[in-house]
Amino acid sequence: MDFSLNEEQVMFRDTVRKFVEKEVKPFVEELDAKEEYPYEIMKKIYEQGFTNLNIPEEYGGSGIDPLTALIITEEIARGCAAVATSSSCNSLATYPILIGGNEEQKQRFLRPIAEEGKYASFCLTEPGAGSDVASLSTVARKDGNKYIINGRKQFITSANVANFLTVFCQTGTNSKGHNTMSAIVVERNTPGVTIGRHEKKMGLRASITCEVIFEDVEVPVENLLGDEGSGFKLSMETLNKARPTTGAMALGVAQAALEASVNYAKERVQFGKPIGQQQAVQMMLADMAMKVETARLLVYKAGYLMAKGLPYTKESAMSKCYAADIAMEVTTDAVQIFGGYGYTRDYPVEKYMRDAKIMQIYEGTNQIQRVVIAKDLLR
């Protein structure tokens with residue numbers, strides 16, 4: 001059993017870390033305050049090859065293995081979780097194409113994303129369908145050689161910049177359910193597609209989250225991924241692949257909070273000595289460090305299993321669930337260590353805490369992850 005990273009993984013980790021220190025962290029406070037999409041940073045991330053990490057070389061991607069991709073994501077999130085969410089958005093939207101698309105679809109949709117820097121968004125959640133994805137109300141009615149889509153999506157990451165939308169909708173003529181869902185790729189400039197309001201969020205403020213509205217949107221039947229009725233399976237397989245990425249983002253946030261807390265504990269003097277010499281603070285830091293390291297082992301194990309082509313459903317859910325929970329715990333403790341200063345925007349830990357909360361919610365709530373884990377145990 002070898003827990004060490006190989007030379008390529010160490011190289012990627014160090015390269016991304018240097019990039020984030022120079023090109024991301026100096027601008028985080030401004031981006032968060034203005035709630036602006038990080039266009040320039042995203043352009044640089046694409047030019048460095050730190051995005052579209054799941055796209056194989058035959059479709060213009062980097063062909064990076066899953067574990068290395070998680071390491072890259074962790075390092076970006078260590079600098080800013082909002083930037084990491086934006087840079088990972090294409091992967092979530094393209095997984096359904098990789099899983100269910102035919103060769104023509106993969107060439108048509110993946111190459112512009114990988115080779116031209118195009119963007120894509122994953123359109124699953126609706127106002128009335130979050131964890132219960134089988135209750136989708138968006139409908140795609142088949143009319144000859146096209147689908148006509150009507151409906152509304154909510155909480156869609158980066159829809160404001162997306163060129164392609166991977167849309168999950170009902171295509172069956174019967175009632176809603178698992179067997180009537182399908183996935184269709186829609187070009188955002190198609191008539192009838194409207195980007196609605198941008199959500200005003202607690203955290204991840206530099207990652208734009210939007211409504212997407214479909215009004216009589218006509219899409220060729222050739223844009224259907226897989227067969228009609230295969231959408232639920234596609235969505236579940238996609239989320240299964242994407243969960244470790246969320247775990248890696250949560251891990252990056254937790255690592256940043258731990259590092260900030262250790263540095264502050266060395267510098268902040270109370271009762272005549274640095275607070276890091278107070279046993280109460282030492283116990284908090286030790287617990288934080290153990291949680292972060294345990295989360296890293298789970299996230300990296302999920303990436304290892306994916307890279308080896310081994311079953312990873314349980315580990316995928318565990319990595320996301322545990323890393324998200326400890327990110328919330330560690331960032332909360334970080335604010336406590338900083339005291340009153342931690343509650344102000346003069347220090348980064350309040351942002352870490354705000355960003356950490358969403359990790360327990362998106363890509364499947366942590367309650368849903370526990371359901372997935374239990375089902376795997378009891379099957």
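The structure holds 26 salt bridges, a salt bridge being a side-chain nitrogen of Lys or Arg within 4 Å of a carboxyl oxygen of Asp or Glu. The model is predicted, so that local features need pLDDT of at least 70 and side-chain atom pairs count only at pLDDT 80 or more, whereas totals for chains, interfaces and linings use all residues. Residues are numbered from 1 along each chain as its sequence is written, and side-chain values use heavy atoms, with hydrogens and water left out.

E74 and R296 form a salt bridge in which the closest N and O atoms are 2.7 Å apart. This pair links distant parts of the chain, with E74 in helix α4 (residues 66–79) and R296 in helix α8, 222 residues apart; helices (H or I, at least four residues) and strands (E, at least two) are DSSP runs numbered from the N terminus. E74 is buried at a relative accessible area of 4%, and R296 is buried at 12%; buried means under 20% relative accessible area, exposed over 50% and partly exposed in between (1.4 Å probe, protein chains only).

Within helix α4, R78 and E75 lie three residues apart, about one turn of the helix. Their salt bridge has its closest N and O atoms 3.7 Å apart. R78 is buried, with a relative accessible area of 9%, and E75 is buried at 2%. Salt bridges that share partners join R17, E21, K25, E75, R78 and E259 into one network. Also in this network, the side chains of E21 and K25 meet at 3.3 Å, N to O. E21 is partly exposed at 36%, as is K25 at 34%.

Helix α8 comprises the 30 residues 279–308.

The lining includes M1, F3, L67, R296 and Y304. By class, the lining has seven nonpolar, one polar and four charged residues, where Ala, Val, Leu, Ile, Met, Phe, Trp, Tyr, Cys and Pro count as nonpolar, Asp, Glu, Lys and Arg as charged, and the others, Gly among them, as polar. On a 1 Å grid over the protein atoms alone, a pocket is an open set of points where a 1.4 Å probe fits, with protein on both sides within 12 Å along at least five of seven lines; lining residues have an atom within 4 Å of a point.

Definitions and conventions. Expected span 1.5 Å × (residues − 1).
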